[in-house]
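Subject: Structure handover

Hello,

Here is the structure I promised to pass on. Please have a look at it first, then read my notes below.

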Amino acid sequence: MANTEFVSKFDNLILNPETRKIYGQEEFFNVGYWSSDSHNQQEACFNLMEKLLGFIPEKKGTILDVGCGLGATTSYLLKYYSSERVVGINISPQQIERSTVNTPECKLICMDAVQMEFEDDLFDNIICVEAAFYFNTREKFLKEAYRVLKPGGHLILCDLIFENTKLLGDWIVPQKNIIKEIEEYKSLYQQAGFQLSELVDATDECWKNHFRYLKSWFMEEFKAGDVDEKTYQFNVDAIDNLLSSSSMAYWLVSARKPLKIL
């Protein structure tokens with residue numbers, strides 16, 4: 001699928017009023033990390049950011065937010081980094097425009113994650129929240145991330161690994177990003193030059209708990225008369241299919257670009 005077609009479809013998805021209703025005023029768009037004290041989607045999204053940023057021992061230097069969505073993840077980084085140290089990129093001009101409204105203090109650039117227009121060894125850290133599986137391809141992104149990271153720099157991300165495209169469709173997950181085994185996934189980082197520090201299976205805490213919450217959310221919307229029975233049943237059936245599938249996994253990843261050997 002051409003980038004323009006993907007961007008158009010994804011813009012329609014992320015900017016849909018119903019989508020925005022689920023995710024709240026902070027404008028996140030990820031499944032979040034659901035701990036025992038998570039009451040809603042927004043809190044889960046905050047938790048996910050904390051889990052990922054916990055992989056960076058010292059919050060210093062610069063950080064690049066790849067696939068920054070509507071700017072919520074970029075904005076959250078300001079909790080730890082000054083605005084001049086934070087850069088966000090996204091392939092969608094419309095999402096960058098919205099990000100600029102949500103996070104005006106940061107530098108936000110319309111740019112393809114697999115063809116970054118940055119010089120080598122530029123950033124101390126890179127974060128990528130639930131976006132790598134969209135890129136065409138994940139392998140190219142990892143190589144670019146390695147290139148623009150400084151030696152010793154950290155790449156932190158949460159990523160979805162799909163065995164096939166049946167769950168979400170070809171337009172969301174490029175065929176080249178399909179992963180059959182976790183060793184195949186690990187090798188992508190190693191081939192790019194990274195040292196893997198952490199690889200945490202968070203399928204239940206993130207993916208499944210998000211859809212359990214979403215199922216209950218649709219139930220409340222139906223009870224309140226905000227969605228009709230047909231819409232409610234369609235969404236609940238789709239969610240049940242997602243929850244019962246074993247063809248995907250959700251991983252939290254921390255990788256490091258090795259220091260140069262003098």
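Strand 1 (residues 63–66) and strand 4 run parallel and are joined by three bridges. Strands here are DSSP E runs of at least two residues, helices are H or I runs of at least four, and both are numbered from the N terminus. Across this pairing, L64 stands opposite I126 in strand 4.

Before going on, two notes on the source. This is a predicted model, in which local features need pLDDT of at least 70 and side-chain atom pairs count only at pLDDT 80 or more, while totals for chains, interfaces and linings use all residues. Residues are numbered from 1 along each chain as its sequence is written, and side-chain values use heavy atoms, with hydrogens and water left out.

Two strands count as paired if DSSP finds at least two bridges between them. (Angles run from 0 to 180 degrees between N-to-C directions; axes are lines fitted to C-alpha atoms, for helices over the stretch in contact.)

Helices on the sheet

Helix 6 and helix 7

Helix 6 (residues 138–148) packs against helix 7 (residues 182–192) at an angle of about 35°, and their axes are 9 Å apart. R138, E139, L142, K143 and Y146 of helix 6 meet Y185, L188, Y189, Q191 and A192 of helix 7.

Two buried residues

N125 lies in strand 4 (residues 123–129). N125 counts as buried because its relative accessibility is 3%; the cut-off is under 20% relative accessible area, with exposed over 50% and partly exposed in between (1.4 Å probe, protein chains only). A polar atom of its side chain lies 3.2 Å from the backbone oxygen of K60.

Q95 sits in helix 5 (residues 93–102). At 3% relative accessibility, Q95 is buried. Leaving out residues up to four places away in sequence, Q95 touches F10, D11, I14, G69, L70 and N90.

Best wishes

Conventions: Contact = heavy atoms within 4.5 Å. Polar contact = N/O pair within 3.5 Å; in protein donor to acceptor, adjacent residues only side chain to side chain.
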